[in-house]
Amino acid sequence: MKLKIKKFVASIGIFALTFMAGLTADAKNVSDYQDVQKGDWFYSTVADISERGFMTGMTDTVFSPAENLQRGQLATIIYRMNGSPKTAYEYHFPDVADGLFYSSAITWAYNAGVVEGYEDGTFGPSDPITREQLATMLYRYSEKMGYDITRTGNLNDYEDVGKVSEFAVNGMQWTVGTRIIKGDGKRLNLLNPQGDVSRAVCATMISRLISYVESGGQIPEREPVQIENVDFTRISRKELQITWSDQKNPYVREYIIKRKDKNSEWTELARQTSDGIIDNRTLSFADVFETDAPQQFEYRIDIETSNDTKYEAIE
């Protein structure tokens, strides 16, 4: 299936790109983070949860997207999602004392049935949280809030389904069914249930939960696929380079680059094949003009998805 992704208008000397979405004027905290840049795969989701006040940086200027999230930090995030209700500290775990940043949050989350401790009675607030623990906490929180938790995904689509702990089955099924979790690994064919969760991944999952709730639980039948981070670079007066991210490559089989001017039909210039592996590649194509006279062209990149029953190209 060949579906139009997006149009790019370029002229010699002036190149314009229209993005589908951007930051609001209130997203100043995101721009303060030196380690969160436009073009990062997590940029929009970190912006989303930062604007809402659900996650803060490790410092005023550092978000630490690659740092592992801790169990106490997630309890605090969920507590903020619920409006940070005034909660007096209660002793529930020997390793959760009063007066710490997560003390009231863990008290609230425990009483709400969102979090539980380990079999030895401890909570492990500084332990890295795993993907299945995160899925389970989001599932329990959503149940408490009255969100739709009936949607389930097929865990058998993933090669490591047998590694999901019994306590986490419901949470993993729900987060897969709602596309809060979309798979892990270079081909997105793993759940990685015991894998750690980075702060960037947490921001992404929280943002997806918010989108799910705000849409009224509506999920497209097919996963939308959109080309990202497209840029134009003038190499010379007669040559223009177009670059774009291949971060969506598990969903894409082939990219088709096309061009037209105001008097012509779309002309196919080239095709590039995705390798189907997430490796943060940047793809590029150089368009060479016949003359260096002022002229304007319109570009578009069509795609063929890797599975038309699961993925849909969007503009």
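This is a predicted model: local features need pLDDT of at least 70, side-chain atom pairs count only at pLDDT 80 or more; totals for chains, interfaces and linings use all residues.
## Helix and strand contacts

Reader: Hi! Which residues of α5 meet α7?
Author: Arg 131, Leu 134, Leu 138 and Ser 142 in α5 meet Val 201, Met 205, Ile 206 and Leu 209 in α7. Contact means heavy atoms within 4.5 Å, and helices (H or I, at least four residues) and strands (E, at least two) are DSSP runs numbered from the N terminus.

Reader: And by class, what is in that contact?
Author: The contact of α5 with α7 has six nonpolar, one polar and one charged residues. Ala, Val, Leu, Ile, Met, Phe, Trp, Tyr, Cys and Pro count as nonpolar, Asp, Glu, Lys and Arg as charged, and the others, Gly among them, as polar.

Reader: Thanks! At what angle do α5 and α7 pack?
Author: Helix α5 (residues 131-145) packs against helix α7 (residues 199-214) at about 25°, and their axes are 12 Å apart. So α5 is roughly parallel to α7, a term for angles under 35 degrees. Axes are lines fitted to C-alpha atoms, for helices over the stretch in contact, and angles run from 0 to 180 degrees between N-to-C directions.

Reader: What about Ala 203, buried or exposed?
Author: Ala 203 is found in α7, and counts as buried because its relative accessibility is 0%. Buried means under 20% relative accessible area, with a 1.4 Å probe and protein chains only.

Reader: Which residues is Ala 203 in contact with, neighbours within four places aside?
Author: Those are Thr 45, Val 46, Ile 49 and Met 55. The C-alpha atoms of Ala 203 and Ala 47 are separated by 8.9 Å, although these residues lie 156 apart along the chain.

Reader: New topic: what is the order of strands in the open sheet?
Author: The order is β4-β5-β8, with antiparallel pairing. The edge strands, β4 (231-236) and β8, each pair on one side only. Two strands pair if DSSP finds at least two bridges between them.

Reader: How many bridges join β5 to β8?
Author: Seven join β5 (residues 239-245) to β8, with Gln 241 opposite Ala 286 in β8.

Conventions
Residues are numbered from 1 along each chain as its sequence is written. Side-chain values use heavy atoms; hydrogens and water are left out. Angles under 35 degrees count as roughly parallel, over 145 as roughly antiparallel, 65 to 115 as roughly perpendicular and the rest as oblique. Buried means under 20% relative accessible area, exposed over 50%, partly exposed in between (1.4 Å probe, protein chains only).
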